[in-house]
Amino acid sequence: MLKMFWNCLDMKEEKTKFVSESMLELSSLLKKPPTGIILDTKPLSAELVNVVESTYNSWCEHNWQFCFFCKNIYLKLKSIESIPIHLLIYCSDDSKLANAARKENKLAKWGLVNDKYHVAAVYKSNDKYILWHEILHLFAVDDCYLPDNPYIGPTCELPNCIMQYVPSKENVREWPFLCQENIKRIQAHNGKQTSI
């Protein structure tokens with residue numbers, strides 16, 4: 001079983017509802033063949049939301065880099081939960097976190113994942129395909145595009161792979177939308193996470 005938590009920095013009801021519904025849909029899809037994986041997603045508890053918000057506010061005051069936010073939040077949550085946490089932060093496009101992510105990686109127009117600290121930031125509103133793309137990165141799934149020429153389409157065998165650059169309703173379509181290599185990666189990661 002894959003486990004992850006999520007938090008909306010701006011806890012408006014429509015954002016929370018969008019993330020919750022998108023998580024349930026992705027969980028439902030991943031249960032199906034060919035992956036057959038259970039994805040357990042939960043919003044952070046009120047206590048952990050306070051930790052995230054205070055860490056974010058402190059980070060904003062210091063104007064640190066995206067990777068420092070990820071490291072700080074990972075270490076704080078790990079000290080409370082005592083196990084590594086995979087975390088999605090959903091925030092606005094004009095937030096300091098989104099700006100720091102774009103500064104760190106020029107291709108991160110809508111979201112960015114820090115693999116080392118298992119933190120994803122998504123700042124593209126109401127786009128479940130971008131959200132799913134970044135969530136899948138938390139579980140060892142790789143991009144299927146060339147960083148030097150991302151718009152040419154997927155570099156794998158699957159024309160509708162969700163790991164292409166700018167996944168959308170038009171180019172992802174129906175499940176299954178993970179290529180064979182990424183199915184192997186997420187299943188291998190599932191085995192590692194289950195054994196923790």
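**Exercise 1.** Is Phe68 buried, partly exposed or exposed, and what is its relative accessible area?

*Solution.* This is a predicted model. Start with the cut-offs: buried means under 20% relative accessible area, exposed over 50%, and partly exposed in between. Phe68 has a relative accessible area of 37%. Phe68 is therefore partly exposed.

**Exercise 2.** Classify the ring pair of Trp64 and Phe68.

*Solution.* A search of the whole structure gives 12 aromatic pairs. In this one, the ring centres of Trp64 and Phe68 are 6.4 Å apart. Their planes meet at 65 degrees, so the pair is edge-to-face. Trp64 is partly exposed, at 35% relative accessible area.

Now take Trp175 and Phe177. Their ring centres are 4.9 Å apart, and their planes stand at 85 degrees, so this pair is edge-to-face. Trp175 and Phe177 are both buried.

**Exercise 3.** Describe the surroundings of Ser27.

*Solution.* Next, check accessibility: Ser27 is at 8%, so it counts as buried. Then list contacts. Leaving out residues up to four places away in sequence, Ser27 touches Ile37, Leu39 and Thr41. Last, look at the side chain of Ser27: it reaches the backbone oxygen of Leu39 at 3.0 Å.

**Exercise 4.** Do likewise for Ser168.

*Solution.* Ser168 lies in the loop between helix 5 (128-137) and helix 6 (169-172). Its relative accessible area is 18%, so Ser168 is buried. Beyond residues up to four places away in sequence, Ser168 touches Tyr129 and Arg173.

**Exercise 5.** Which residues form one aromatic cluster with Trp110?

*Solution.* Tyr145, Tyr151 and Tyr165 form one aromatic cluster with Trp110.

How values were computed:
Residues are numbered from 1 along each chain as its sequence is written. This is a predicted model: local features need pLDDT of at least 70, side-chain atom pairs count only at pLDDT 80 or more; totals for chains, interfaces and linings use all residues. Side-chain values use heavy atoms; hydrogens and water are left out. Helices (H or I, at least four residues) and strands (E, at least two) are DSSP runs, numbered from the N terminus. Buried means under 20% relative accessible area, exposed over 50%, partly exposed in between (1.4 Å probe, protein chains only). Contact means heavy atoms within 4.5 Å. A polar contact is a pair of N or O atoms within 3.5 Å; within protein, one must be able to donate a hydrogen and the other to accept it, and residues adjacent in sequence count only if both atoms are side-chain atoms. Rings of Phe, Tyr and Trp (its six-membered ring) pair if their centres lie within 6.5 Å; planes under 30 degrees apart count as stacked, over 60 as edge-to-face and the rest as tilted.
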